[in-house]
Amino acid sequence: MNSGGDIGKILILATESCAYPGADSVGQAHSGYPANTYILRVRAPVLFPERFYMDCFKKGISGIIVMSCGEECPYEGAYKALATRLDRVYKMMKESDLDVRRLRLTAICTVCNRAFLNEVNQMNELIRELGPPVFSQN
């Protein structure tokens with residue numbers, strides 16, 4: 001496991017019905033993931049407003065992975081609404097000269113520990129390459 005020293009923080013919004021059990025399966029398999037990763041168990045990521053993401057970046061989060069149930073979401077229309085909301089966040093990020101690769105939406109199932117680890121490791125490499133988020137003065 002990485003110590004997370006000078007590497008930026010990764011925030012994961014993990015749905016309690018799919019992605020969070022997937023993250024839990026990583027621990028049950030005794031697999032490790034970088035220590036700079038913070039998992040927030042959420043009912044539905046669509047509940048978070050656009051400003052939440054921007055505030056996270058401003059407060060020192062270097063990358064955010066929204067791990068949802070995808071089209072299998074138990075809340076009808078939530079995944080489409082989430083994708084639409086994140087499109088607005090991407091626009092806000094571009095307006096602030098913030099690399100949109102810092103925010104990723106992915107579907108993770110309850111037993112997808114390899115997919116979970118892959119997403120975290122890819123984001124970790126990206127934020128290592130990009131460094132901390134820097135905002136333009138618009």
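Is tyrosine 38 buried, partly exposed or exposed? Tyrosine 38 is partly exposed, since its relative accessible area is 41%, where buried means under 20% relative accessible area, exposed over 50% and partly exposed in between, with a 1.4 Å probe and protein chains only.

The structure is a predicted model, in which local features need pLDDT of at least 70 and side-chain atom pairs count only at pLDDT 80 or more, whereas totals for chains, interfaces and linings use all residues. Residues are numbered from 1 along each chain as its sequence is written, and side-chain values use heavy atoms, with hydrogens and water left out.

## The sheet and its helices

Tyrosine 38 belongs to strand β2; strands (E, at least two residues) and helices (H or I, at least four) are DSSP runs, numbered from the N terminus. This strand is part of an open sheet of 4 strands, ordered β2-β1-β3-β4 and paired in parallel, where two strands pair if DSSP finds at least two bridges between them. Because β2 (37–42) and β4 (103–107) each have a single partner strand, they stand at the edges, and one side of each is left without a neighbour in the sheet. On average, and with direction ignored, neighbouring strands of this sheet are turned by 20° against each other.

Strand β1 (residues 9–15) runs parallel to β2 and is joined to β2 by 6 bridges, and leucine 13 has leucine 40 in β2 as its bridge partner. Tyrosine 38 touches Lys9, Ile10, Leu11 and Ile12, not counting residues up to four places away in sequence, contact being heavy atoms within 4.5 Å. Although tyrosine 38 and lysine 9 are 29 residues apart along the chain, their C-alpha atoms are separated by 7.4 Å.

Two helices lie across strands of the sheet: helix α3 (residues 78–95) lies across β3 (61–68) and β4, running at about 165° to β4, while helix α4 (residues 113–130) lies across β1, β2, β3 and β4, running at about 160° to β3. Such angles run from 0 to 180 degrees between N-to-C directions, and the axes are lines fitted to C-alpha atoms, for helices over the stretch in contact.

## Nonpolar cores

A nonpolar core is a set of buried Ala, Val, Leu, Ile, Met, Phe, Trp, Tyr and Cys residues joined through side-chain atoms within 4.5 Å. The largest one here has 21 residues, and those with the most contacts inside it are Tyr53, Ile64, Val66 and Leu103. At least two residues of this core come from each of β1, α2 (50–58), β3 and α3, and α3 gives the largest share, 6 residues. Leucine 103 touches, among others, Tyr53, Phe57, Ile64, Val66 and Met123, with residues up to four places away in sequence not counted. A second, separate core has 15 residues, including Ile10, Ala23, Phe116 and Leu117.

## Aromatic rings

Rings of Phe, Tyr and Trp (its six-membered ring) pair if their centres lie within 6.5 Å, and planes under 30 degrees apart count as stacked, over 60 as edge-to-face and the rest as tilted. By this rule the structure has 2 aromatic pairs. The rings of phenylalanine 48 and phenylalanine 52 make a tilted pair, because their centres are 4.6 Å apart and their planes stand at 50°. The pair of phenylalanine 52 and tyrosine 53 is edge-to-face, because the planes stand at 85°, with the ring centres 5.4 Å apart. Phe48, Phe52 and Tyr53 form one aromatic cluster, in which phenylalanine 48 is buried at 17% relative accessible area, phenylalanine 52 is partly exposed at 21% and tyrosine 53 is buried at 0%.

## Salt bridges

The structure holds 8 salt bridges, each a side-chain nitrogen of Lys or Arg within 4 Å of a carboxyl oxygen of Asp or Glu. The table gives some of them.

| arginine 85 | glutamate 50 | 3.6 Å |

Arginine 85 lies in helix α3 and glutamate 50 in helix α2, so their pair ties together parts that are 35 residues apart in sequence. Glutamate 50 in helix α2 and arginine 88 in helix α3 likewise link distant parts of the chain, 38 residues apart. Both arginine 85 and glutamate 50 are buried, whereas arginine 88 is partly exposed at 40% relative accessibility. Elsewhere, Glu16, Arg41 and Arg43 are linked in a network of salt bridges.
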